[in-house]
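Thanks for coming, everyone. Let me put the structure up on the screen, and then we'll walk through it together.

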Amino acid sequence: MTTVLDRFRLDDKVAIVTGASSGLGVAFARALAEAGADLVLAARRVERLEATRAIVEQAGRRAITVAADVALPENATAVVEAAIEAFGHVDVLVNNAGKGTAVPATREAPAQFREVIDINLNGCYWMAQACGRVMQPGSAIINIASVAALASGGLPQAAYSASKAGLIGLTRDLAVQWTGRKGIRVTALAPGYFPSEMTDQFPEGYIDSQLPRVPAGRPGDPEELAAAVVFLASAAAGYITGTTLVVDGGLTAL
């Protein structure tokens, strides 16, 4: 007999996590492995993926590592090809690779703006496109957006905010295209303040200065966000597609 908790399991599923070399990507990989998935770990800094692979293997699952810059369509294709070669199928994509900047709009160079869009938005599209060509019905794509797509945090983040807002729009469109025709659910997560490499670059005291805006009164724990990823990847979210789950401690409720 299948229980409701069984619906949260990902046994023998294969999940790709981009940006898996540090921070939230590591938390996502660990959680997916604990739920039963094998992992394809992708990042530009491939040498740092070995530590993530060890975490997955400690959870009793298999993992491969792939060097990839998702801003390059051919790299996205190579990640999916490596997954198929190693495991034979792809069931989950977590589009986590991203770059954050805080540059005043009048001083932001075209190359700076384009780099953020190329990674955060275009890269997610190339990865989704490559996965969409091979995924079977019941698969799931989770795009990691941000509350910066929904509300300003007071930092000059035009490129980052635009890329994450675009990602939410991309999520809706791909869900409409693929859920009915291909059986692939596409959703997005909009995290609030979570410790990550990007938040490590924020000005000293910035996160603390923002906590009065957060009803929960604290930053999020990466495991809380990882649990949301597992939910959206699993059959427990089988009737959820095309929407964005905000995980922000109530920040955008104010």
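Let's start with a question. Which residues point one way from S2, and which the other way? Asp38, Val40 and Ala42 point one way. Leu39, Leu41 and Ala43 point the other way. And all of them are buried. In a regular strand, side chains alternate between the two faces of the sheet.

One caution before I go on. This is a predicted model.

Back to S2. That's 6 of the 6 residues buried, so S2 is largely enclosed by the rest of the structure.

Now, what surrounds this strand? Start with S1. S1 and S2 pair in the parallel sense, over 5 bridges. Find Thr18 on the screen. Thr18 stands opposite Ala42 in S2. To get from S1 to S2, the chain goes through helix H1, residues 23-34. That β-α-β crossover is right-handed.

Then the S3 side. S2 and S3 run parallel, and 5 bridges join them. Here Ala42 turns up again, standing opposite Val66 in S3. S2, helix H2 and S3 make a right-handed β-α-β unit. Helix H2 covers residues 49-58.

Let me stay with S1 for a moment. How many residues of S1 are buried? The count is 5 of the 5, so S1 is largely enclosed by the rest of the structure too. Both faces are covered. On one side sit Val14, Ile16 and Thr18.

In S4, the bridge partner of Ile16 is Leu93. S1 and S4 pair in the parallel sense, over 3 bridges.

Next, S4 itself, residues 92-95, pairs with S5, residues 140-144. That pairing is parallel again, over 4 bridges. Val94 stands opposite Ile142 in S5.

So let's zoom out to the whole sheet. What is the strand order? Reading across, the order is S3-S2-S1-S4-S5-S6-S7. That's an open sheet of 7 strands, with parallel pairing. The edge strands are S3 and S7, each of which pairs on one side only. S7 covers residues 244-247. On average, neighbouring strands of this sheet are turned by 15° against each other, direction ignored.

On to the helices. First, H5, residues 158-182. H5 lies across S5, S6 and S7. Against S6, H5 runs at about 160°.

Which residues of H3 are buried? They are Ala76, Val79, Val80, Ala83 and Phe87. Looking down the axis of H3, these buried residues fall within an arc of 90°, so they line one face of the helix.

What do the buried residues of H3 pack against? They pack against S1, S2, S3 and helix H4. On the other side of H3, Glu74, Glu81 and Glu85 are exposed. Just after H3 comes Gly88, with a positive phi of about 90°.

Asp12 is found in the segment before S1. Is Asp12 buried or exposed? Asp12 counts as exposed, because its relative accessibility is 53% and the cut-off for exposed is over 50%. Asp12 also has a positive phi, about 65°, although it is not a glycine.

The other one is Ala111, found in helix H4. H4 covers residues 110-132. Ala111 has 55% relative accessibility, so it counts as exposed. Now look from Ala111 to Asp69. Along the chain, these two are 42 residues apart. Their C-alpha atoms are separated by 16 Å.

To recap. The sheet is open, with 7 strands and parallel pairing. S2 has 6 of its 6 residues buried, and S1 has 5 of its 5 buried.

Conventions: Residues numbered from 1 in each chain as written. Predicted model: local features only at pLDDT ≥ 70, side-chain atom pairs only at ≥ 80, totals over all residues. Heavy atoms only, no water. Helix = DSSP H or I, 4+ residues; strand = E, 2+ residues; numbered from the N terminus. Buried < 20%, exposed > 50% of the residue type's maximum accessible area, 1.4 Å probe, protein only. Arc of directions from axis to C-beta. Contact = heavy atoms within 4.5 Å. Pairing = 2+ DSSP bridges. Axes fitted to C-alpha atoms, helices over the stretch in contact; angles between N-to-C directions. Right-handed = clockwise from strand over helix to strand, strands pointing away.
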